[in-house]
Structure formats: C-alpha cells, structure tokens
Amino acid sequence: MKIDGWRIGKVFGIELRLHWSVFLLAGLIAWSLATRIPAVVPGIPVIYRWLSGVIAGLGLIFSIVWHELAHSRMAIHYGLRPRKITLFLFGGAAEFEKEEFKSPKEEFFISVVGPISSLVFAGICYGLALILEAINFPTGLVYFKLATILSLSWLTVINFVLAVFNLFPVFPMDGGRVLRAVIWKFNHDIVKATKISVKLAKIFGVILVLIGYLIGGIGNLLWIGLIVWFFIIPAAEQEYLATRIKYDPDFREKVREMIKERYQKELEELEKLIKDN
Ligand SMILES: [Zn+2]
C-alpha cells in the first residue's frame, strides 16, 4: 500500500508526512465531539464546543505521531533506519530503509513500545486533566477550562483504546508482531512463525470486529471490518510472501522459475506475432 502526503518536518532524522485524509479524520472527530458535548455540559457556548473538538482532533493526530515515533526510536536503537512516517485516515505507517528484524527480541521490543507509549500518553492526558481541574480559573475562562478538560479526558480514553486495539494479536498490527516474535523465539523459524501469525490474524481479526460490534454497534462493525479486511489481512499476506522470499531459498527459486516461465511464454508469443506479421 503506497500512501503519499505532505512533508511537515523531521524528528530523529525521520520524515513526517501528512496525507490529506488525516484532516478528514481530525475534522470528523472535532465535529462529532462538538455536537455531543451539550449532552455532557448543557449550555456550553458553541465556540467552546468547537474548541474542545479541535483540541481533540489535533490531539489525536499528535497521539498517532507519538505512537509511531516510539516505534521508530526503538527501531533506531536496534540499528534499523526508519525513513518516514506517514499519517492517514486509519493511523500512521512507518517505513524503514531495510525492513528486516535480526532477532525476535528486536521485533518484540520495537512492536510493544508503540502500545506502551500510547498508555503513557493516556496517563499524561489524564494527569493534565486532573491538574487543570485543580486550578481555579477566573469566571470568564470557566468554559475554556471545561472544554480543555473534556478534550483531555477524551484523549485519555482514545489513547487507552489505541493501545488495547493495537495490542490485539492481528498480524501485522503491533500485538500480532509481538505474537510472531514470541513464536519465532520458540520455533527459531521466522517463516513458519509468520504463517501461524497470519492464520491467527484471520481468527483474531473476526473476534476484533465482533468485539467492536458489541461495544459500538454497526458503525464499529463497518469501520473495524474495513480496516481488518482491506488493510490488515492483505498486509499480513503480503508480509508472509515477502518473508518466504527472503528466508526460504527453495521458495525464492520457485518464484524465480515462475517468473522466468511466464516471461518465456510471453516472449514466445511476441516472437510468433512478429513472424506472422
Ligand atoms: Zn504501533
């Protein structure tokens, strides 16, 4: 899957890019919060509802960058070279110069640090909300205080959800990678470990969609189902293929033969076409 975006800067030498769809995500969040807040705080002026929504939307983008940067920083620690992070509608994607884990331990820590960082960020948002709550604001700023506390509370929940969602063992999501690393550690075979992880990803993918449905109804079913079937499972299959080509010499030879055969056939057909005309 190739997603481009606008370059917005560099952190740890990694390029940060924003795909336009991330604004759709932030906008949706801002709008949905701004319209729901009156149920929690009756009488809150429209401007403060939108302020709260916009802080939450931008905070969500920051939460995703924070999560991806944690992966990238750990990857740098292990000598991998993250090239860029692209943010889009469904979150973030980090791209590496050469995507290859040298050991299960490496994959385990690079993967697990993302959800852990989201938990830490949830804690930070919660702490900030508590601090704001304790500070006495002048009367004119009471709604400002409320709006900010609401955004921070929402960001606390969303970062917690982000951590739990990503820890679900659906390869190649973080939890799925953690699982592959554990299987790889025990069977010393990255190809077989990936095969098992892809199979489990399909089972846990269905469970994840069902849990989403039970918690959030049909909207969640469609949303998570879309992510799982159109992004996660194809990515898992693709990575299994890449892993086999990389680590299984017999399979690599077979693929090479297949490619040769196919081109041979096409060449013969072309030659025939030239002769006939
Ligand atoms: Zn992650």
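Two residues are taken to be in contact if their C-beta atoms, placed from the backbone, lie within 7 Å. The structure is a predicted model, in which local features need pLDDT of at least 70 and side-chain atom pairs count only at pLDDT 80 or more, whereas totals for chains, interfaces and linings use all residues. Residues are numbered from 1 along each chain as its sequence is written.

The protein chain contains seven helices and four strands, where helices (H or I, at least four residues) and strands (E, at least two) are DSSP runs numbered from the N terminus. Their order along the sequence is β-β-α-α-β-β-α-α-α-α-α. The C-alpha trace spans about 85 × 55 × 40 Å along its principal axes. Of the 277 residues in the protein chain, 35% are buried; a residue is buried if 20 or more other C-beta atoms lie within 10 Å of its own, exposed if 12 or fewer, and partly exposed in between, with C-beta atoms placed from the backbone. Among the contacts in the protein chain with a separation of 6 or more, 63% are between residues 24 or more positions apart.

Strand 1 runs antiparallel to strand 2 (residues 14-18), to which five bridges join it; two strands are said to pair if DSSP finds at least two bridges between them. Trp 6 has Leu 18 in strand 2 as its bridge partner. Two residues lie between the strands in the hairpin of strand 1 and strand 2, where Phe 12 takes a positive phi near 50°. Strand 2 also pairs with strand 3, in the parallel sense and over four bridges. In that pairing, Leu 16 is bridged to Ile 85 of strand 3. Strand 3 (residues 82-88) is mostly covered, five of its seven residues being buried.

Two packed helices are described by the angle between their axes and the distance between the axes. Here axes are lines fitted to C-alpha atoms, for helices over the stretch in contact, and angles run from 0 to 180 degrees between N-to-C directions. The axes of helix 3 and helix 4 come within 8 Å and cross at roughly 160°. Helix 3 is therefore roughly antiparallel to helix 4, given that angles under 35 degrees count as roughly parallel, over 145 as roughly antiparallel, 65 to 115 as roughly perpendicular and the rest as oblique.

Thr 148 is placed in helix 4 (residues 142-167). With 19 other C-beta atoms within 10 Å, Thr 148 is partly exposed. Apart from neighbours within four places in sequence, Thr 148 is in contact with Ile 55 and Leu 132. The C-alpha atoms of Thr 148 and Lys 246 are 49 Å apart in space, and the two residues are 98 apart in sequence.

Helix 3 (residues 104-134) also packs against helix 5, at an angle of about 155° and with the axes 8 Å apart. These two helices are therefore roughly antiparallel, and their crossing is left-handed. On the helix 3 side, the contact includes Pro 104, Glu 107, Phe 108 and Ser 111, while residues from helix 5 include Asp 174, Arg 177, Val 178 and Trp 184. By class, the contact of helix 3 with helix 5 has seven nonpolar, two polar and five charged residues.

Arg 177 lies in helix 5 (residues 174-187) and is buried, because 24 other C-beta atoms lie within 10 Å. Not counting residues up to four places away in sequence, Arg 177 touches Glu 107, Ser 111, Phe 171 and Pro 172. Arg 177 and Ser 197 are 20 residues apart along the chain, and their C-alpha atoms are separated by 8.1 Å.

Leu 222 belongs to helix 6 (residues 190-247). Leu 222 is partly exposed, with 13 other C-beta atoms within 10 Å. Between Leu 222 and Leu 270, 48 residues apart along the chain, the C-alpha separation is 46 Å.

Methods
Left-handed = near helix turned anticlockwise from the far one by under 90°. Nonpolar A, V, L, I, M, F, W, Y, C, P; charged D, E, K, R; others polar.
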